[in-house]
Amino acid sequence: ELEFEIKREAVKAQLTDETTSKEAKAQLAKQQQASAEEANAAHEALAAAQAEAERKNAEQARQLQLARAELREMKSLDEEGNKRRTELETSVNSQVARLRNQLAELHDENDRVQEQMQAAFDSSSMHERR
């Protein structure tokens, strides 16, 4: 009977070990499943964050292109404005020089006319004295 009792206890211990092993395996499988789900969730969150960062980078690149295009246009307008201002300054300076020359010619003509008038006056005064 003792031998039977020992065998029975050995079978019980074996069953307990098997049950404990099955429970441990089931717990481990649950933990592995939970870890896999957490890893998937983290991966999805990372992928979403990366997609958002890429979207923002693309938007910033687009804004930068627009700003560069606007700057090029402003430079072009500034260059055109400078060119036009230079042309106007040249034109005005040319007109001023021409008007100064005309004024100088008018002064010369006025001086000649006054000399002629003075000469005529002097001549008539001398003529009257005689």
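Arg 68 sits in helix α1, which covers residues 2-129; helices here are DSSP runs of H or I with at least four residues, numbered from the N terminus. This is a predicted model, where local features need pLDDT of at least 70, side-chain atom pairs count only at pLDDT 80 or more, and totals for chains, interfaces and linings use all residues. Residues are numbered from 1 along each chain as its sequence is written, and side-chain values use heavy atoms, with hydrogens and water left out.

Arg 68 has a relative accessible area of 48%, so it is partly exposed. The cut-offs are under 20% for buried, over 50% for exposed, and partly exposed in between, with a 1.4 Å probe and protein chains only. From Arg 68 to Ile 6 is 62 residues in sequence and 90 Å in space, C-alpha to C-alpha.

His 43 is also in helix α1, and counts as exposed because its relative accessibility is 54%. Its C-alpha lies 103 Å from that of Val 113, 70 residues away along the chain.

Next, salt bridges. The rule is a side-chain nitrogen of Lys or Arg within 4 Å of a carboxyl oxygen of Asp or Glu. That gives eight salt bridges.

One of them joins Glu 3 and Lys 7, closest N and O atoms 4.0 Å apart. They are four residues apart in helix α1, so about one helical turn separates them. Glu 3 is exposed at 57%, and Lys 7 is exposed at 52%.

Another pairs Glu 87 with Arg 84, at 3.7 Å from N to O. Here the spacing is three residues in helix α1, again about one helical turn. Glu 87 is partly exposed at 39%, as is Arg 84 at 47%.

Terms used:
Helices (H or I, at least four residues) and strands (E, at least two) are DSSP runs, numbered from the N terminus.
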